[in-house]
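This report describes a single protein chain for a reader who works with computed structures. Please keep the sequence and the coordinates at hand while reading.

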Amino acid sequence: MAPTTDLTKTLLSVLFMGLLAAISLWVLLPFLPAMIWAAMIVIATWSTLLKLQGKFNNKRFPAVLTMALLMTAIVIIPLTTALFSLITNRHVIVSGLQDLANTQLPPAPVWVENLPLGGPALPPDGTNWPPPRLRI
């Protein structure tokens, strides 16, 4: 005769494993977009890795090292170029932002007053945005 605790033990074990799986997925949820991107990159570059591995006499390490350096260069070179561009044009950016703070909006065109929803309620000189209430 089989003891009745086997059913209880089995049921509790399955429930505990399900709870562990659910908690694991909950912990991994913030990393899901990064894992999807990584999988896309690996799938897209896998054939290139195999070709490089063939050129390195079927040795995986030099092929992986070459691919890692190439992928790093693909990311770092454009970021470095953008950073140097921002640094060299910083005076233009700062003066543009200062001019933007002193710039006023031009007056609204005449046709704005003829808009069916809220046209007459809009301020004619372009100030006091947003208007207090739209008349419908």
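## Basis of the model

The structure is a predicted model, in which local features need pLDDT of at least 70 and side-chain atom pairs count only at pLDDT 80 or more, while totals for chains, interfaces and linings use all residues. Residues are numbered from 1 along each chain as its sequence is written, and side-chain values use heavy atoms, with hydrogens and water left out.

## Overall fold

The protein chain contains 4 helices and 0 strands, and its elements follow the order α-α-α-α from the N terminus. Helices (H or I, at least four residues) and strands (E, at least two) are taken as DSSP runs and numbered from the N terminus.

Of the 136 residues in the protein chain, 9% are buried; buried means under 20% relative accessible area, exposed over 50%, and partly exposed in between, with a 1.4 Å probe and protein chains only. The chain exposes about 12,000 Å², of which carbon and sulfur atoms supply 75%. Accessible areas come from the Shrake-Rupley method with a 1.4 Å probe, and for residues only the protein chains shown count as cover. Among contacts (heavy atoms within 4.5 Å) between residues at least 6 apart in sequence, 7% join residues at least 24 apart.

## Helix 2 against helix 3

The axes of helix 2 and helix 3 come within 9 Å and cross at roughly 130°. Helix 2 is therefore oblique to helix 3. Axes are lines fitted to C-alpha atoms, for helices over the stretch in contact, and angles run from 0 to 180 degrees between N-to-C directions. Angles under 35 degrees count as roughly parallel, over 145 as roughly antiparallel, 65 to 115 as roughly perpendicular and the rest as oblique.

Helix 2 contributes Ile-41, Thr-45, Trp-46, Thr-48, Leu-49, Leu-52 and Gln-53 to the contact, and helix 3 contributes Arg-60, Ala-63, Val-64, Thr-66, Met-67 and Met-71.

## The connecting loop

Asn-57 lies in the loop between helix 2 (32–55) and helix 3 (60–88), and Asn-58 is placed in the loop between helix 2 and helix 3. Asn-57 has a positive phi of about 55° although it is not a glycine. Asn-58, likewise a residue other than glycine, has a positive phi near 60°.

Asn-57 is exposed, with a relative accessible area of 66%. Asn-58 counts as exposed at 61% relative accessibility.
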